[in-house]
Amino acid sequence: MLLREAGRLSAASLTCEGTRVTSPVTSPPLRMTSEGSSPTAMTSGRLAEAVTRPADNVEVIKSLVGQLHSSLKQDAEARLETLAVIASREQRTLEHLVRTIELCRDPSLVGATCALLHDAISPNNKGEVRHIIIQLCLGLNTAEVILRTLKTLSSDGLSAIESCTHAAYQVLAKLASKDPILAVKARLVGGVKLTHQLLQTHMKNSIPLLPLLIVTKYLAKNSTNQVVLGKDGCVATMAAILSSVPKTHWAKIKFIMEILALLTKAKSNVIRLVRESGLQRVLAILDAWEKIERRHQVKVIKGILGTLSHVCDSKHGRKAVVSLNGVEITQRFIQTCPADKKFDSNLAYATNVFLKCVSKGELPVSSIRGAYTFHVPNADDPDSGSDTHHEETPGFDGDSSDEEEDEVEDEDEDFELSKDLKGIDITSEYSPQQPRMEELMRLSSLFPELNNFRVPASTRFRDAVLSARRGSGGDIIPETSMEHYLQAANATKSLINFVKVAYPDMVGAHGPTYLEELYEKDRKVCRSKAIATVERVLHPETYMERVVYDLDYLLKSELSRQLITPTSSSSRLLSNWDEKRAGKRDVAVNHLNFESRFESGNLRRVIQASSFEYDLILNADVSSSHHHQWFYFEVSNMEPNTPYVFNIINNEKPNSEFNFGMKPVMFSVQEAIEGRPAWIRTGYDICYHKNHYSRVPKSHDNVRLKKSANKCYYTATFTVTFPHAYDVCYIAYHYPYTYTQLQVYLNKQDSCVLPSNVFYSNQVLCYTLNGNPVPVLTITAKDNMKDKEVIFLTARVHPGESNSSWVMEGVLNYLVGDSPPARLLLEKFIFKIVPMLNPEGVIMGSKYTVKLLSLGHFIVLDCHTTVHIVLIN
């Protein structure tokens, strides 16, 4: 039903679909008659009387609508006067016009009224009045009313609405972009199929065809409508229209391409497009893209490439594109694409289509599973299971959403969790639904504030760390922070024995204290990188492909066998000798040297592609075959004033902050020696794009992964010119924060003298399956303990998000500080803080972890830690 109240909204303050218009309508002085009213206002008044009995006053209403329409076409003063009357709250003219469409069953009157509305909301009427009229139309559900009326009138046949189709769809075309739920409303009143029927009827009639195509485009944005239109034969209709429309009618061709790009999101419509031979015409237009009218060029090509991208998501569609020389056509477009900025998105689309069609290269590693595997107690060998992968969202980079990617990743995590933890009953010891009193009592030691602030010695984190250090240095805390860090690092347990302690971690390097500017991406560089990706597929023989670092080999070779976790209790102490190496050339090689076998390091393989370009492959998460994002590695033996290109080639996310101003961070040992030990942002020519490496090897037979067999990895590329010759530098995704660094920080906090009324305890929440203690802090004021609420904070559940540790350190410094707000917080709340919930993932340089499975029970796959958390109100 028509909403009468919407017509009573003031023109000075309208609310519709979440939009509020506050600017008043500025109307010109009305031309007054002897009775004191303007002619337009009098016409509106007579229209109000006539629509009370629309069936009896069809001719009268038709005459009045004609008069209003005529006044819109007169001089500027009369036009503004008429628009003001239509937008007036007092006159309610627009409500009467919509009521006329809804209640009158005369097609010619509906057409005349729609023609009046179309002229009223035409872009020719610039200004606030037009905007308010559009908002009023949306509030009155004008589009839905028009579609419902057309559907009712068409019951006598489509010829019955011939006289009003063009004007009605002109109004719908103007309102479609403003109404976000028009597609749903149209389907509910039968407007989707009606629109398609009218398209079939008028496919050779150029007058109503354009507004019909515009409305169809907005209807096809809805996924359900895509299926409905496909089943109704809309793909065949689009193919027929594309074949019949003159080649010079580029506006119509543009909308046809955009509709096909939307319809082919449904894979069933891809098959229909191929069957209807519409793909040949689409490729033919792309092959002669220079002939497209310049003002429509970008959007026509975008629609074509969007269609091809969706077609190539299916095996059947890819075969059809390849058989029709689609790869060669796309390649020619890439190589001749104009350098104009407005063509950048088209180049990205075209590169995406090309990579989907060409034969994928396998990632140059021995196995897609990571180099590190943790054998879960009482579980089957994780290597016996098939490798797992997750799919990326179809489409090109800009169309993919992180929400969709994360959802698919969650499914993979559930799969790996069920496989790696097979045989472990995770509910046998604790059931959140049925907590037992004895279990709660077992955790009472972690709540010293409830036991007169007495901390049991058996739960103290400091004691646990000192106990771990007795085999490598005794209980004495070194005097210098560097010695302290080295001793703590040697007590940190890892899946392999690291070969060194990273220099910036050892010296406590921080980032700058000032705000850093975002990097402004150079679109020309991104274009050249995209074209280079295509050239690399076509001419792989021009690249060196020399392996200069291989973690798999190092872990398996006789030379490094002692580095794997030894069975004996004694092990080689970790240290750092970067200061002795800095400035000295390694004459044994003529390339960069790399290393990542240190805490939080992540680098699996490095391949030299050219003299100054290197492809880097990140290690997957522990016992996993995916999650590649965090990186932290050492590079040395560089030449001075030489730009080196680093390509991290096995990223999985369809987009990255590297595309929005982020830069990697770098630490220079030589700079530290000269008194500047800090992490800095580095790199230029930064971009993130899809590459030609397949996410699943060709030999893979896992049925679950067949759907993702056509998916590619993404490359994060950046160029670095190092400040010193033969320096030792460290490069990371973000400022690293290791588990050892947390130990050192907490030890320092334990030594701080706090006010007598502040309670601070550092206890062991649990131990990881690899034997590292997980700290839990309790901070509160000793007085006013009655009815205090508990605030529970955690960080680093995702180990690759090191920024959370820096934030947590700031929170801890604030809470134990001397500020009055901090004191007030401690008086009102008890803070329970787990500063690093995934220490094993942090130690091994992992990126991700498994989601929360149930209330109070965390399963951390990558760090192999089971943490029981009871929330006590």
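Is arginine 581 buried, partly exposed or exposed, and what is its relative accessible area? Arginine 581 is partly exposed, with a relative accessible area of 24%. Welcome to a short tour of the salt bridges in this predicted model, where a search of the whole structure finds 27 of them. Three of these pairs are described below, each with its setting.

- Aspartate 578 and arginine 581 form a salt bridge, and their closest N and O atoms are 3.0 Å apart.
- Both residues belong to helix α29 (residues 578-581), where a spacing of 3 residues amounts to about one turn of the helix.
- Aspartate 578 is buried, at a relative accessible area of 0%, while arginine 581 is partly exposed at 24%.
- Through salt bridges with shared partners, Lys500, Asp578, Arg581 and Glu634 are joined into one network.

- Aspartate 313 and lysine 711 meet through their side chains in a salt bridge, with an N to O distance of 3.9 Å.
- Aspartate 313 sits in the loop between α18 (294-311) and α19 (315-323), and lysine 711 in the loop between β12 (684-694) and β13 (712-721), so this pair ties together parts that are 398 residues apart in sequence.
- Aspartate 313 has a relative accessible area of 14% and is buried; lysine 711 counts as buried too, at 6% relative accessibility.

**The pair at arginine 92**
- A salt bridge joins the side chains of arginine 92 and glutamate 95, at 3.1 Å from N to O.
- Arginine 92 counts as partly exposed at 23% relative accessibility, whereas glutamate 95 is buried, with a relative accessible area of 3%.

Notes. Residues numbered from 1 in each chain as written. Predicted model: local features only at pLDDT ≥ 70, side-chain atom pairs only at ≥ 80, totals over all residues. Heavy atoms only, no water. Salt bridge = Lys/Arg side-chain N within 4 Å of Asp/Glu carboxyl O. Buried < 20%, exposed > 50% of the residue type's maximum accessible area, 1.4 Å probe, protein only. Helix = DSSP H or I, 4+ residues; strand = E, 2+ residues; numbered from the N terminus.
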